[in-house]
Amino acid sequence: MRANRRELLAAGMGLCLAPAAFARPVLPGDAPSYDARELTAVPNEAAIGRRYWSPGLNEGYVPQGLTVHGDEILIAAYRSTERDQDNGPARLFRLGRRDGRLLGSFALPATYGHPGGLAMVRETLFVANSGRLLALDFKESCRSGECVPLKETRVDKAMGPSFLAASGDRLWFGPYRREGAPSVHAVSVARILAAAEAPVGLADAEATIPLPLFAQGATFGPESSLWIAQSSGNRPAFLSRLDARSGAVLARYPAPGGIEDLGHAPDGRLWAVGEAGTQRWNRWSTFYPLVFEIDPGKLVAG
């Protein structure tokens, strides 16, 4: 069948006006199959180095806690694809820090359905869930492929814990708050692992400093400063660097939306994970469901 001149011209215009197909960057890990969007341009992109897809995205996992242990990045995530479901079956994923390769994973107890923070003290891995703190034998958990608990401790919910950071023989943790005057508390690991069954409370804190609102994660960086990740849904997010003695905010940097927990690598870089673009939070304007490296020296305040 022959087409007339007008039909050919219209067809040509249609080809010209068709939306361009953009190639996603090839990153280690399993790319999301549920959304073909490009990664969003994010604040302080020049400070971001290596990037990996967050593990378990296609299975519905939402990353929360993160810590760095030697050449591994550990990520705690729960499974949920529904906006109104804020907990679910949770796993601990192990990624190679240098290449993003999945090294293994194991399930967390059912009571840790929203594992907001991770921290490592020697070979003991601590997992935070509001009102609860779990200590695991990390080596044995990796060897067996199953969670090997050492102790579980209840925590006064006024203290969270919504996130964790380790410094020496102390764990630091605090609550996620949208208003008020929250604090971050330091409790000795010896107290947490003691045989006593009494919940950890405010009286157990060896140090307490003010905490910014919307705190999602924390880690100690160079010069013993305390870094805090702050985010709230689809709103702008930030990294704040605090004086670990007074809590004074030394600097504040725009960060990718949906940023969650933080870790500090031996080379001085920070690592973070984001939940924006997971199946549960896939309607936000930010699409950045990544584990990503941050060079603190390249951050620009704003």
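The questions and answers below concern a predicted model and go from the whole chain to single residues.

Q: How do you know that the radius of gyration of the protein agrees with that of a compact globule?
A: The rule takes 2.2 Å times the number of residues to the power 0.38, and because the protein has 302 residues, the value for a compact globule would be near 19 Å, with which the 21 Å of the protein agrees. Along the principal axes, the C-alpha atoms fill a box of roughly 90 × 45 × 35 Å.

Q: What makes up the secondary structure of the protein, in helices and strands?
A: The protein has three helices and 20 strands. Of the contacts with a separation of 6 or more, 52% are between residues 24 or more positions apart.

Q: What share of the residues is buried, and what share of the accessible surface belongs to carbon and sulfur atoms?
A: Of the 302 residues, 53% are buried, a word that stands for a relative accessible area under 20%. The accessible surface comes to about 14,100 Å², and carbon and sulfur atoms account for 51% of that area.

Q: How many positive and negative side chains are there, and how far apart are the centres of the two sets?
A: There are 33 positive and 31 negative side chains, and the centres of these two sets lie 5 Å apart.

Q: Why is Pro32 called buried?
A: The limit for buried is a relative accessible area under 20%, and Pro32 has 5%, so Pro32 counts as buried. Pro32 is found in the loop between helix H1 and strand S1, where its contacts beyond four places in sequence are Arg24, Trp53, Leu57, Asn58, Phe287 and Pro289. The C-alpha atom of Pro32 is separated by 21 Å from that of Arg98, which is 66 residues away along the chain.

Q: What is said of the phi of Asn44, and is Asn44 buried or exposed?
A: Asn44 is a residue other than glycine, yet its phi is positive, near 55°. Asn44 has a place in the loop between H1 and S1, and its relative accessible area of 14% is the reason why Asn44 is called buried.

Q: Why is Arg122 called exposed?
A: Exposed requires a relative accessible area over 50%, and Arg122 has 61%, so Arg122 is exposed. Arg122 is found in the loop between strand S6 and strand S7, and its phi is positive, about 55°, although Arg122 is not a glycine.

Q: Why is Val127 called buried?
A: Val127 has a relative accessible area of 0%, and therefore is buried. Val127 lies in strand S7 and, beyond four places in sequence, touches residues including Leu108, Tyr112, Leu134 and Leu164.

Q: Why is Ala186 called buried?
A: Ala186 has a relative accessible area of 0%, so Ala186 is buried. Ala186 lies in strand S12, and its contacts beyond four places in sequence include Arg170, Leu171, Trp172 and Asp204.

Q: What makes Leu103 partly exposed?
A: Partly exposed covers values between the 20% limit for buried and the 50% limit for exposed, and Leu103 has 29%, so Leu103 is partly exposed. Leu103 lies in strand S5 and touches Glu72, Arg94, Leu95 and Gly96, apart from residues up to four places away in sequence. Leu103 and Cys142 are 9.5 Å apart in space, C-alpha to C-alpha, and 39 residues apart in sequence.

Q: How do you know that the count of disulfides is zero?
A: A disulfide needs a pair of cysteine sulfur atoms within 2.5 Å, and by this rule the count comes to zero. Cys142 is in no disulfide, as the nearest cysteine sulfur, that of Cys147, is 11 Å away. Cys142 has a relative accessible area of 23%, so Cys142 is partly exposed.

Q: Which peptide bond is cis, with omega near -10°?
A: The bond from Gly160 to Pro161 is cis, and Pro161 is found in the loop between strand S9 and strand S10.

Terms used:
Residues numbered from 1 in each chain as written. Predicted model: local features only at pLDDT ≥ 70, side-chain atom pairs only at ≥ 80, totals over all residues. Heavy atoms only, no water. Helix = DSSP H or I, 4+ residues; strand = E, 2+ residues; numbered from the N terminus. Buried < 20%, exposed > 50% of the residue type's maximum accessible area, 1.4 Å probe, protein only. Contact = heavy atoms within 4.5 Å. Areas by Shrake-Rupley, 256 points an atom, 1.4 Å probe, with all protein chains shown as cover. Lys, Arg positive; Asp, Glu negative; His and termini not counted. Charge placed at Lys NZ, Arg CZ, Asp CG, Glu CD.
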